[in-house]
Amino acid sequence: MSLADLLVELEAAKDPNKAGHMEAYMRHQFSFLGVAGPERNALYKKYFPSAKKTKVIDWDFVETCWGQEPREYQYVAANYLKAMQSYLTKDDLPKLERLVVNKSWWDTVDILDRVVGSLVYGKPELEERILRWSLSDNIWLRRVAIDHQLLRKEKTNVQLMEKILLNNLDQTEFFINKAIGWALRDYSKTNPEWVASFIEKNKERMSELSIREASKYL
């Protein structure tokens, strides 16, 4: 089975009735085939195990998917990278950056943030790149920078997280403030004292949304 066959099956599964609902949910920013999450997940389970055996990321496949119009193609590419993330190299970070800033919305960006996180973990030179993303004019690069350490728990680079968060306070952008809240809420499960202290020190610069999300488990 080839990844090209996956795309053939994806097209064959299209459902115009579902497509309308999916487009409305995404504020009509993208067209959809109408292939919902469970059906896509079934395709991933069918094709990605074979792809992983190659131990090489097929960037031509990723770029082909990203260039297609229906949104499901970007979901396939992002989830393929998630499945293949252990085979990423430091040279792949610019490629991931291009995906983040093209056809951007929370649905693909929130898959890619974990992919980016797996790549930069333990690589100081790449962490410095992510720190620069946290100051970008592009809100989606900022969002990935803020949330790329989700689920790291005790392996979180707290100094890096703090710098990134401080770079993004005093914001009015919903997707940035939500991401700040998520990053803090997630880390509060590991170190609630640190998160409570961060909120107390910076509450005048934090949005109500960020504070509410961050405080959920405190």
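This is a predicted model: local features need pLDDT of at least 70, side-chain atom pairs count only at pLDDT 80 or more; totals for chains, interfaces and linings use all residues.
Aromatic rings turn up a lot here, with a count of 11 aromatic pairs.

**Tyr 25 and Trp 106**
- These two rings pair edge-to-face, with 6.4 Å centre to centre and 85° between the planes.
- Tyr 25 belongs to helix H2 (residues 16-25) and Trp 106 to helix H7 (residues 106-120), so the pair ties together parts that sit 81 residues apart in sequence.
- Tyr 25 is exposed, at 60% relative accessible area, while Trp 106 comes out as partly exposed at 28%.

**Trp 140 and Phe 175**
- This pair is tilted: the centres are 5.0 Å apart and the planes make an angle of 45°.
- Trp 140 comes from helix H9 (residues 139-147) and Phe 175 from helix H11 (residues 174-188), which links distant parts of the chain, 35 residues apart.
- Both partners count as buried, Trp 140 because its relative accessibility is 7% and Phe 175 because its value is 12%.

**A ring cluster**
- Tyr 44, Phe 48, Phe 61 and Tyr 80 are joined into a cluster by ring pairs.

**Glu 213**
- Look for Glu 213 in helix H13 (residues 208-214).
- Glu 213 has 12% relative accessibility, so it counts as buried.
- Setting aside neighbours within four places in sequence, Glu 213 makes contact with Lys 178, Gly 181, Trp 182 and Arg 185.

Terms used. Residues are numbered from 1 along each chain as its sequence is written. Side-chain values use heavy atoms; hydrogens and water are left out. Helices (H or I, at least four residues) and strands (E, at least two) are DSSP runs, numbered from the N terminus. Buried means under 20% relative accessible area, exposed over 50%, partly exposed in between (1.4 Å probe, protein chains only). Contact means heavy atoms within 4.5 Å. Rings of Phe, Tyr and Trp (its six-membered ring) pair if their centres lie within 6.5 Å; planes under 30 degrees apart count as stacked, over 60 as edge-to-face and the rest as tilted.
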